[in-house]
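Visitor: Please show me the structure, and then let us discuss how its parts meet.

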Amino acid sequence: MSGKTLTRADLTEVLHREVGLSRTESAEMVNSILDLVSDSLVAGHTVKLSSFGTFMVRAKRQRMGRNPKTGVEVPITPRRVLVFRPSQIMKNIVNGQEPGDED
Amino acid sequence: MIKSELVIKIAENNPHLYHRDVERIVNRVFDEITQAMHQGNRVELRGFGAFSAKERQARTGRNPRTGAAVDVTEKRVPFFKTGKELRQRLNTKG
């Protein structure tokens, strides 16, 4: 692993450099893209981004868990979790292969 | 929501931008995330979540239909971990 981490600031810089928006406007774009995706998920919708992947919200029922430190059984409350399913294109690119077609 | 709907919403909020430019912006952001993982980097978007590629070792799998053993080469699998803020937002109403 080459220890670099891509952040919101890096995405902002890419838009500023390549699309020619000001840094402020680029930052707003990055934020509003992520906010709109988040809002849609919080509303319970699935977000499908072609060639990227699909974000889905799954409802989990209550189940019994255990405090790993004390061994005491505690109920894990029902909750909603987010699942990301990468597209075939993303899987191919991440593995250094040709992007190929949509799955 | 699909990508074209996301583009429409952003275009509506930014009437000074052409629709095709918004499309380019949205694609550029998601492509950059994929490229970062391709280069073996991690992507950390505070409040939203983090993308990384997990290594899977080579293994002997089976063709589920025929039962024949097949060698599966090592590969990297994209992985997303939901950010703290989004995880909390998913579980706060009701």
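Predicted model: local features only at pLDDT ≥ 70, side-chain atom pairs only at ≥ 80, totals over all residues.

Visitor: How do the residues of the side of domain 1 of chain B that touches domain 2 of chain B divide?
Guide: Ala, Val, Leu, Ile, Met, Phe, Trp, Tyr, Cys and Pro count as nonpolar, Asp, Glu, Lys and Arg as charged, and the others, Gly among them, as polar. On that side of domain 1 of chain B, the division is 3 nonpolar, 2 polar and no charged.

Visitor: Where do the bounds of domain 1 and domain 2 of chain B lie?
Guide: Residues are numbered from 1 along each chain as its sequence is written, and chains are lettered from A and ligands numbered from 1 in the order in which they are written. Domain bounds come from an automatic or database domain assignment. For chain B the bounds are domain 1 (1-40) and domain 2 (42-94).

Visitor: Which residues in domain 1 of chain B lose the most area to domain 2 of chain B?
Guide: Buried area is the accessible area (1.4 Å probe) that two parts lose on being put together, summed over both. Between domain 1 of chain B and domain 2 of chain B this area is about 480 Å², and carbon and sulfur atoms give 72% of it. Together, three residues account for 84% of what the side of domain 1 buries: Ile33(B), Met37(B) and Gly40(B).

Visitor: Let us turn to the other chain. Which residues in domain 1 of chain A lose the most area to domain 2 of chain A?
Guide: In chain A, domain 1 (1-44) and domain 2 (46-97) are assigned. Their C-alpha centres are 22 Å apart, and the area buried between domain 1 of chain A and domain 2 of chain A is about 500 Å², with 68% from carbon and sulfur atoms. Together supplying 80% of what the side of domain 1 buries are Val37(A), Leu41(A) and Gly44(A).

Visitor: How many residues of chain B are in contact with chain A?
Guide: Contact means heavy atoms within 4.5 Å. By this rule, 47 residues of chain A touch chain B, and the number of chain B residues in contact with chain A is 45.

Visitor: Which three residues supply more than any other three of the area that chain A buries against chain B?
Guide: The area buried between chain A and chain B is about 4400 Å², of which carbon and sulfur atoms give 67%. Of the share that chain A buries, 14% comes from Leu6(A), Ile33(A) and Val94(A).

Visitor: Which residue of chain A meets Arg28(B) in a salt bridge?
Guide: A salt bridge is a side-chain nitrogen of Lys or Arg within 4 Å of a carboxyl oxygen of Asp or Glu. The count between chain A and chain B is 2 salt bridges. In one of them, at 2.5 Å from N to O, the side chain of Arg28(B) meets that of Glu18(A).

Visitor: Which element of chain A gives the most to the side of chain A that touches chain B?
Guide: Helices (H or I, at least four residues) and strands (E, at least two) are DSSP runs, numbered from the N terminus. Elements that each supply at least two residues of that side include helix 1 (8-19), helix 2 (23-42) and helix 3 (88-94) of chain A. With 12 residues, the element that gives the most is helix 2 of chain A.

Visitor: Which residue of chain B stands opposite Leu6(A)?
Guide: Two strands pair if DSSP finds at least two bridges between them. Strand 1 of chain A pairs in the parallel sense, over 2 bridges, with strand 1 (residues 42-45) of chain B. In that strand of chain B, the residue opposite Leu6(A) is Val43(B).

Visitor: Which residue in the turn between strand 2 of chain A and strand 3 of chain A has a positive phi?
Guide: Strand 2 of chain A and strand 3 of chain A pair in the antiparallel sense over 3 bridges. They form a hairpin with 3 residues between them, and the turn residue with a positive phi, about 70°, is Ser51(A).

Note on methods
Heavy atoms only, no water.
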